[in-house]
Structures are given as C-alpha cells and as structure tokens.
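Open your viewer and get ready to click along.

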Amino acid sequence: MDEVIRAKGLSKSYGGRPVVRDLGLCVGAGEVFGLLGANGAGKTTSVECLLGVRKPDAGTVRILGMDPQRERRRLFQRVGVQFQEGSHQAEIRVDELCRETACLYGGPADWRALFARFGLEGRERAQVKQLSGGQRQRLFIVLALTGRPQVVFLDELTTGLDVKARRDVWRTLEELKHDGLTIFLTSHFMDEVEALCDRVLILRDGREAFSGTVGQAVDASPCSTFEDAYLWFSGEEPEGPDGDEEKGNVR
C-alpha cells in the first residue's frame, strides 16, 4: 500500500505546555484513518501541524511526499479539508460559494453531482445561513471534495446529521474510499469510527495511547466493546464511588 501521510516525532507546545508529544503515524492510500481523543488531547493541534497550518516544534510531516510547510500551494491542489466550523460568509449563496471554490482548482469535480450524492439538491440558491446544521455540514464535505483530492481531512463530519443522513454520508465515503480516496477522520462518535475506520490512533495528553484496528483496541484493553476500550485508552472513563471505573470495574 502506497504511503500517503507520514508524521515522525511530531511535537508542539504552547507557552511551555506540551500539547502534542512525539507523535508518529502512517496512513496508506485508500485507507480510512481515525485520530481519536478527548477534548484537549491534542487532536486539533496534530491535524493543524499535519496540514502545515501550524509549525511543529519538532518532527517531520509528509503528505503525498510533500512538506506541508514548504509546499503548501502544490499540496493544496491534492488535499481536501472539512473543518467542523466553517468560516464562510453567512450571506453568500450556496451555488456562488461552490463556484468560487471550484475556481481554486485546476480540474475540479462537478459540485452539482456532489450535491446529488450528498442530498443537497434544491438548496443551491439558498444562503449559507439559511441551511440547517446538517445541510451546512454536508456542504462543507462537498467543498472539501470539489478539488478531486487524493486525501481528505474530515473533522467531526456527521455532527448535526440525523441517523439516515449519517448513514448516507457513511455509504458515500465508503464508495469514495473504494475509488481510492484516503480519508483522515476525527470523530467523537464511536459507531462512526467502527463503521468507517480501517485503523485508529487514540491520543491521551498529547501522546499515543493506542494505534491499530478497532478489534485490536478491544483485544488490548480489558473491555468488551470499542466504545469502552476507547474510554479506557483515552482516560475519559469516569470513576465510580469505590474508585473503580464504572464500566467493567477496570482499574
């Protein structure tokens, strides 16, 4: 499997406080890779360093063989990014935003076809502020895919979607994966991670707590489900009244 993303020794601190500590990862072509962790575990900073939005204090990053710090413009043509909170003008019309985004790429995809694929037909002339939360989320995914990327970063991609819409998005992403798209995913929904991810990396206090498949995470923990295993590795499991963790009395 061809290597698409590689990070080695990635570290970042703010004001002397370590946020990401010696992180390493490798993602292959056509793989769905999940970066997981509690709020404050270092996920956002890790992704920003991978994309070149922030400069790491130490370590190296390569995406499609390119340095995201030095080759951002060239890399931009081959990488799509969907952030949970978009920064687009609220008054801009959806079709105008899609056309403007398409103009940034040399060979963009047909955004109208993507609209049909993600169930957004009929909302082309609406303003962004007139979309529901779920529609905005799907719009941001469409924008991330408009440049026909080889790899796409998706941040909490199904937040605000109902059950059917979530499953429709999952199915479409599975189709895109089979077409060769590499997907780097962050999510707090463990059913989503189980449905989509080939491998995961769980962060705890900026460090790798686990890396491997969902099944391996369960096997490497004293838990019987992936959700419980995630809580155990990430340190999110609350303690019961006797000091034992509530699920499975895991210490």
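Start by selecting D168 and R171: their side chains meet in a salt bridge, with 2.6 Å from N to O. Keep in mind as you look that this is a predicted model. Both residues sit in helix α6, residues 163-178, three residues apart, which is about one turn of the helix. How buried or exposed are the two partners? D168 is partly exposed, with a relative accessible area of 22%. R171 also counts as partly exposed, at 47% relative accessibility.

**Along helix α6**

Next, pick out A165, R166, V169, W170, T172, L173, L176 and K177, the buried residues of α6. Turn the view until you look down the helix axis: these buried residues fall within an arc of 165°, so they line one face of the helix. On the other side of α6 you will find V163, K164, R167 and H178, which are exposed.

What do the buried residues of α6 pack against? Show the strands β3 (32-37), β6 (151-155) and β7 (182-186), together with the helices α4, α5 and α7; the buried residues of α6 pack against these elements.

The side chains of K177 and D198 meet in a salt bridge, 2.8 Å from N to O. This pair links distant parts of the chain: K177 is in helix α6, D198 is in the loop between α7 (190-196) and β8 (199-204), and the two are 21 residues apart. K177 counts as buried, at 15% relative accessibility, while D198 is partly exposed, with a relative accessible area of 30%.

Next, select A195, which is found in helix α7. Which residues does A195 touch, not counting those up to four places away in sequence? The answer is W170 and E174. A195 counts as partly exposed, with 37% relative accessibility.

**Into the nonpolar cores**

Switch to side-chain view and select L139 and F226. Of the 50 residues in the largest nonpolar core, these two touch the most other members. Helix α5, residues 133-145, gives the most to this core, with seven residues.

Zoom in on F226. Leaving aside neighbours within four places in sequence, F226 is in contact with L36, M190, V193, E194, V200, V214, A217 and V218. There is also a second, separate core of 27 residues, and V4, L35, A41 and F153 are among them.

**Helix α3**

Move on to α3, residues 94-102. Its buried residues are V94, D95, L97, C98, T101 and A102.

For one more, select E48 and R54, whose side chains meet in a salt bridge at 2.5 Å, N to O. E48 counts as buried at 17% relative accessibility, whereas R54 counts as partly exposed at 35%.

**A last stop: the cysteines**

Finally, show the cysteine sulfurs. How many disulfides are there? The count comes to zero. C98 is in no disulfide, and the nearest cysteine sulfur, that of C103, is 11 Å away. C98 counts as buried, with 0% relative accessibility. C223 is in no disulfide either; its nearest cysteine sulfur belongs to C197 and is 18 Å away. C223 counts as buried too, at 14% relative accessibility.

Note on methods
Residues numbered from 1 in each chain as written. Predicted model: local features only at pLDDT ≥ 70, side-chain atom pairs only at ≥ 80, totals over all residues. Heavy atoms only, no water. Core = buried A, V, L, I, M, F, W, Y, C linked by side-chain atoms within 4.5 Å. Buried < 20%, exposed > 50% of the residue type's maximum accessible area, 1.4 Å probe, protein only. Helix = DSSP H or I, 4+ residues; strand = E, 2+ residues; numbered from the N terminus. Contact = heavy atoms within 4.5 Å. Salt bridge = Lys/Arg side-chain N within 4 Å of Asp/Glu carboxyl O. Disulfide = S-S within 2.5 Å. Arc of directions from axis to C-beta.
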